[in-house]
Amino acid sequence: ILYCGFYLWKMNNMSPEVALHRISPELRPLLCSVVRNGRVGLDSTNCLRVTDLKTGCTSLTPGPCCDRFKLHIPYAGETLKWDIIFNARYPELPPDFIFGEDAEFLPEPSELPHLVQWDAGDPECLLQLVKELIQQYHQYQCQRLRESSRLLFEYDSLLEDPNYGRNMEIYAGRKNSWVGDRIVLVCPSFISIMSSLSQDTALDPGEDVALLSVSFEDAEATQVFPKLYLSPSIEHALGGSSALHIPAFPSGGCLIDYVPQVCQLLTNKVQYVIQGYHKRREYIAAFLSHFGMGVVEYDAEGFTKLTLLLMWKDFCFLVHVDLPLYFPRDQPTLTFQSVYHFTNSGQLYSQVQKSYPYSPRWDGNEMAKRAKAYFKSFIPQFQEGAFANGKL
Amino acid sequence: VPGFAAGGSGIDGDVSIMAASISGYTFSSVCFHSANSNSDHEGFLLGEVRQEETVSISDTQISTAELLQVVEIHNHDPCAQLFSFYDYAGKVNEDNLNRILKDRRKSVIGWYRFRRNTQQQMSFREQIIHKQLTQLLGVPDLVFLLFSFISTANSSTHALEYVLFRPNRRYNQRITLTIPNLGNTSQQEYKVSSVPNTSLNYAKVIKEHGAEFFDKDGVMKDIRTIFQVYSALQDKVQAVCGEVEQSERVKEKIQEDVNKLKQQIALRKRKTAEEERRLREAQNAESHPTSEENSEPSETSLLSRVAFHAPSAPERPGTSPNPPSYSDLLSQEDSLLSSSSSPTSAALLPRPQAVGSPGHPTPGPLGMGLGLSLGLGSDSLDRQAAGQEDDDDDDDDDDDDDEDSSEYENLVSEAAHLPMVSASVLAQGRPAALSPDGDARGSQTS
């Protein structure tokens, strides 16, 4: 069964401040930089998490003296849980590691310069060491992939493409668990889009990320599960998890073909959203110029709302305009509201109009003009309704 | 010196099982050092590895040899500080290693580490160090003992966990470590382990005071003494056996004589009785019969018993007015039995009797022996009945008793006479039957 969809990253639920408070004072700076600033791997939204703080001192030692903990590292869609062991009494000494379930992962110390030249005085030392370990871990996973050549072929082909280069994480699944081989990469064209999007929609390229994860459950690539991971703000900007669907991985297909496809889709969507943004802005601008003083308020950031206060034959009324995400494809909702009449429930009497003369091909000006015309034609009807159904 | 069978197969291919033990004092010493350190702690394990081969032979005649590697940890050598023989990269410095171990290097069979609140799994650096130690020390199956101290958050419970690894193998890396005499000793004996005591002080003291306990051959003196006592006892027992045998033989002889004499007495008495009877018979037509029932009850009872030679079961006390006590019965029977070849235990038991049977000793003076003494009147009937009952029993005993069968026949024939006598007696003496005992038995005429 192929399924495609979105998955939100879970936010960090252990407050870093709590962890630091219990850590031995000499080790605190090291952990601080890991937890607060630490970004390892592709997923920059998910911080490194620290749990299970314990001490290696005797139980009579007064705290805070915790010097060993578990570090949660997101990698290739998995979370690595590594134990890091210091000695509070000897804070100048480098830590030791237990690599959790990856009992066979044994990096070569010579490939870990920050271990060989451990400098406890440098607060970044631990973070750098962890990054080096992740690199080694990545290589270790590539080694393990030698056993299943399918994903390796994919990986190698992607490696050669300058678009993807080294921005990939590989995870070679385990035989006994249901986790298959997985490759996670950054949608490359997304990076350029991000910057344009950020200018307009206040998205932070550093915080936001779009990752494509493709899992291969079997060696023949008949069960391939692609997933798109977007940071929450991007997802919201693109219209929620229901809006974006990526195509299924074609059986027998290659990543080198599939990935660009997905990225293109994403790009299109984003561009569409950007377009929509511009269109909305245009629309609002047009209304502003047409209705001038009649504008009560409008959304100046996303340009999604506009409220007008108009008068026709001494009858004052409000018009709320709601612009949908996929404007101009979808037409704006107009809500007419009487300023005099109340409904039984105490609200102002209003009527919603979703279909009225409209065409997505009109420009902002045209839309404003047509809207004005529509108001004139509709208002008598509305007025009657207000007087009939509403109470003063 | 740790060593392995020459030409042994590679570590992975070797399917031998490993058993490991550590002496209690070494274990507690390691724990002591570890618990008192305020950080992680490490050191070396000294001891010996040997291979034991067990050959088991089953009914199928196929013998299987099992190779068991036994690791014994005799001692430990704690390191004074961390990173004392390796650097930050985990590279072992051989000079430092030698400086720490000195001449103990050749008895190193493993090393240990202690770390609080961590998993029971070898860490990154430990694995790197272990590989190098294996190479440097030349111990292919170097073991690694990991101690971990887990405390609960409120320090109410602490657990010391220890796992022995043999990391150079691919599978079955964890080995059970036994500590002799630590555990449930209520079901086991206190074991003496083969771990030698390496303490110099101990050796010195034993040497000094050993002469008080050991003789020149190295055998404990007490053992010799006990053995002497044992020998002496054995001699005495042998002597007593001889004496017993002799006395038994003498006793046998005497018993035989006694039996013969008894037989003679019985014979004589019978003859006398016969004569008397004939005399009486001659007088019986006119005179009242005299009751002689009380005259010789004991004799008759004795005679009756004599008649029943062992191995047959003795007769009931029968109708004797003064039935002998059970102990008397037994003692008499013992004397009777001694001459026999194989007395059975059953023969010693009196035959059980039902209450109310004619053979049951009746309380009155009606009890009679067998129909040898002839009281008349109703008594004769009892006698007859008794005699017949006894006859039946006699018949049973006849099979076992060859010698005295003739006497039985006599008795039977005696009883056979009785009916005739009783009839005549009854005809005449019915009223008289009532007088001696006042009993209404007379009405029971046949």
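In this predicted model, helix α8(A) passes α9(A) in a right-handed crossing. On the α8(A) side the contact is made by E282(A), Y283(A), A286(A), F287(A), H290(A) and F291(A). On the α9(A) side the residues are G364(A), N365(A), M367(A), A368(A), K369(A), A371(A), K372(A) and F375(A). Sorted by class, this contact has eight nonpolar, three polar and three charged residues.

Two packed helices are described by the angle between their axes and the distance between the axes. For α8 (residues 255–291) and α9 (residues 364–389) of chain A, the angle is about 55° and the axes are 8 Å apart. Angles of 65 to 115 degrees count as roughly perpendicular, and those under 35 degrees as roughly parallel. The two helices are therefore oblique to each other.

From α2(A), the residues L30(A), L31(A), S33(A) and V34(A) meet C125(A), L126(A) and L127(A) of α4(A). By class, six residues of this contact are nonpolar, one is polar and none is charged.

Chain A as a whole has nine helices and 13 strands. Of its 392 residues, 52% count as buried. Among contacts in chain A between residues at least 6 apart in sequence, 55% join residues at least 24 apart. The chain exposes about 18,600 Å², and carbon and sulfur atoms supply 52% of that area.

Chain B contains nine helices and eight strands. Here buried residues make up 36% of the 446 residues. For contacts in chain B with a separation of 6 or more, residues 24 or more positions apart account for 70%. The accessible surface of chain B comes to about 26,300 Å², with 55% of it belonging to carbon and sulfur atoms.

How do helices α2 and α3 of chain B cross? The axes of α2 (residues 94–101) and α3 (residues 124–137) come within 12 Å and cross at roughly 70°. That angle falls in the range of 65 to 115 degrees, and α2(B) and α3(B) are therefore roughly perpendicular to each other. The contact involves E94(B), L97(B) and L101(B) of α2(B), together with L133(B), L136(B) and L137(B) of α3(B). Five of these residues are nonpolar, none is polar and one is charged.

Most residues other than glycine have a negative phi. F83(B), although not a glycine, has a positive phi of about 60°. Is the residue F83(B) buried or exposed? Its relative accessible area is 15%; the cut-off for buried is under 20%, so F83(B) is buried.

K102(B) is likewise not a glycine and has a positive phi, of about 55°. With a relative accessibility of 56%, K102(B) counts as exposed, because the limit for exposed is over 50%.

Methods:
Residues are numbered from 1 along each chain as its sequence is written. Chains are lettered from A and ligands numbered from 1 in the order in which they are written. This is a predicted model: local features need pLDDT of at least 70, side-chain atom pairs count only at pLDDT 80 or more; totals for chains, interfaces and linings use all residues. Side-chain values use heavy atoms; hydrogens and water are left out. Helices (H or I, at least four residues) and strands (E, at least two) are DSSP runs, numbered from the N terminus. Buried means under 20% relative accessible area, exposed over 50%, partly exposed in between (1.4 Å probe, protein chains only). Contact means heavy atoms within 4.5 Å. Accessible areas come from the Shrake-Rupley method with a 1.4 Å probe; for residues, only the protein chains shown count as cover. Axes are lines fitted to C-alpha atoms, for helices over the stretch in contact, and angles run from 0 to 180 degrees between N-to-C directions. Angles under 35 degrees count as roughly parallel, over 145 as roughly antiparallel, 65 to 115 as roughly perpendicular and the rest as oblique. A crossing is left-handed if the near helix is turned anticlockwise from the far one by less than a right angle, and right-handed if clockwise. Ala, Val, Leu, Ile, Met, Phe, Trp, Tyr, Cys and Pro count as nonpolar, Asp, Glu, Lys and Arg as charged, and the others, Gly among them, as polar.
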